[in-house]
Amino acid sequence: LIDLYRADLVAGRLTEAEARDLLARWMLPTDMKFHIEDNPWPETSTCMELGGCDADGKKVWNELTRVIIETHRDYGLFNPKLNCRFSTDSPAEYLDLISRTLLEGHNHFALLNDGVLIPALVRSGKTEREARLYVNGGCQETITEGVEHSAGAFFYFNLARTLDLCLQPAPQPREFNEEELRPLPETIEKPPSFEEFYAEYLAGVKRSLQVGAEWSLTLGREQWRIQPCPFFSTTLEGCIEKGLDYSQGGAKYNPSGIALVGMGTVVDSLMVVKKAVYEEGWLTLEELRKALTDNWEGHEELRARVRSLTRYGHGDPEVDELAARLVADLAAYVQTLPAERGGTFQGSFFVYYAFSSMGAHVCATPDGRGDGDLMTQGVAPDRVTAPASLSEVFHTLSRLDFLDYPGNAVLDVQLPMGPALPVETLSATIRTFAALGGPTLQLNCVSLEELLDACVHPDQHRDLTVRISGLSARFVCLTEAVQEEIIGRAMAAV
């Protein structure tokens, strides 16, 4: 729009103030339709891509970018969601505007690193010009505009539940037939080495992923009959030429996404098994299994000891090596699975709020997590033993190869708002995240004191906004459980 905007200014058809008013009127209807002021979960899936670069690689930052962000902030809007692409060489004015807006409590940004996502899309088969025009569908799941729809939030897979079932097979209250048992992993009995333990866990993951992919394949192949999308299909290269709806595989590219949930929980758990059971020998698999079955009750000293081991996200090279191995192995297998529209699946660590909803169905895990507790969120570390600094988390991410995850991987971070954190410091933090190879960063700048007071005096904090996962909401409208989870992030950040 920038050329049209500049031409209108020169011709006297428009002023900047009038442009801001028009932009507000254009953005506001989504918030009205979804009742933002009282909706406990205002998911709209309405995104707007800003910044980044054009097809030639030229940086996109201009006065219209600034006006859009400022208008979104000044009117207290939620939608369209502000998905801002950036890189290590993004203009300082751009990053400072984002940082300043966040520190004022406008928690509506997903910050997407072109330095990771463009190469990841190229590695997945897109041309560089196509990859440079990526956008996001719904939240942060990546779509290459005009040539594909990736269904990135269609298939969520619980990595931690698979490990849970490997160690504590689910009770079977009735007889199951072979097809019903097929997705369940084999029980890991007592392999002689950690390498074999890891191999058996990975085999269980692959088995469950394969069955899930087959289910998705069966369901997805019928979508064009049940819910065709002819209008959207006309916007995608290939559909008209082939005479096929995008849901039939008409687009130029046809990947689907598998969102892998609980990665950090699994890495920490595998590390406990590696160190405590196989390397140092102060714990047996039988003892670990008993503690998990008892949900750590009566095993408090053991639980404290396993929690004291070095964790994912703390920058420890040995843990990071294990995480990198798991991330690579998962990506390699996911890419072999055929998807419903003729392409293959691609992995992501875009987990939305599944780290909570799926965590409720996962029994106690070897990392010290209790039955039903939260799993780790996206590519973030756990909150029980939080890292000493963001630098540790960033260094961990720098050791993981996200170029095989074109579906994206998201780090959610809660920070204090206001003068405690200078704008320049936050901008430098964002730029460092890009330099160290983080794919997508979501920052939530909040005051712990205000969050706690809002629980007691909600009418005094009607404008308090928080970033949950792929969406933002009024804090006082959230359910008590979600409010407690957000407060837990703030306490971990302290």
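Mentor: I will start with a pair of strands: E6 and strand E7 (residues 256-261) run parallel and are joined by four bridges. Strands here are DSSP runs of E with at least two residues, helices are runs of H or I with at least four, and both are numbered from the N terminus. Residue numbers count from 1 along each chain as its sequence is written. The model is predicted, so local features need pLDDT of at least 70 and side-chain atom pairs count only at pLDDT 80 or more, while totals for chains, interfaces and linings use all residues, and side-chain values rest on heavy atoms, with hydrogens and water left out.

Within this pair, Phe155 has Ile258 of E7 as its bridge partner. The two strands belong to an open sheet of three, ordered E6-E7-E8, with parallel pairing; two strands pair if DSSP finds at least two bridges between them. Strand E6 (155-158) and strand E8 (345-348) are at the edges; each has a single partner strand, so one side of each lacks a neighbour in the sheet. On average, neighbouring strands here are turned by 30° against each other, direction ignored. Axes are lines fitted to C-alpha atoms, for helices over the stretch in contact, and angles run from 0 to 180 degrees between N-to-C directions. Helix H7 (residues 159-167) lies across E6 and E7, at about 40° to E6; contact means heavy atoms within 4.5 Å.

A second open sheet has five strands in the order E1-E2-E3-E10-E9, and its pairing is mixed. Its edge strands, pairing on one side only, are strand E1 (47-51) and strand E9 (410-416). Neighbouring strands of this sheet are turned by 25° against each other on average, direction ignored. Strand E2 (residues 81-86) runs parallel to strand E3 (residues 109-113), with five bridges between them; Cys84 is partnered there by Leu111 of E3. Helix H5 (residues 114-123) lies across E2, E3 and strand E10 (440-446) and runs at about 60° to E3.

Ser45, in the loop between helix H2 (16-33) and E1, has a positive phi of about 55° although it is not a glycine. Ser45 counts as partly exposed at 44% relative accessibility, where buried means under 20% relative accessible area, exposed over 50% and partly exposed in between (1.4 Å probe, protein chains only).

With the side chain of Gln442, the side chain of Gln140 makes a polar contact at 2.6 Å. Such a contact is a pair of N or O atoms within 3.5 Å; within protein, one must be able to donate a hydrogen and the other to accept it, and residues adjacent in sequence count only if both atoms are side-chain atoms.

Gln442 is also among the contacts of Leu411, which include Val379, Phe394, Phe433 and Leu441, neighbours within four places in sequence left aside. In the largest nonpolar core, of 125 residues, Tyr201, Leu209, Met263 and Leu411 touch the most other members. Another core lies apart from it, with seven residues, among them Leu112, Leu121, Ala131 and Tyr134. A nonpolar core is a set of buried Ala, Val, Leu, Ile, Met, Phe, Trp, Tyr and Cys residues joined through side-chain atoms within 4.5 Å.

Helix H13 (residues 263-279) has 17 residues and should span 24 Å at 1.5 Å a residue; its end C-alpha atoms are 22 Å apart, which agrees. The expected span is 1.5 Å times one less than the number of residues. Of the 17 residues of H13, 15 are buried, so the rest of the structure largely encloses it. Just after H13, Gly281 takes a positive phi of about 70°.

Last, Glu392 lies in helix H18 (residues 390-398) and is partly exposed, with a relative accessible area of 22%. Its C-alpha atom is separated by 6.2 Å from that of Gly313, 79 residues apart along the chain. Neighbours within four places aside, Glu392 is in contact with Gly313, His314, Gly315 and Pro387.
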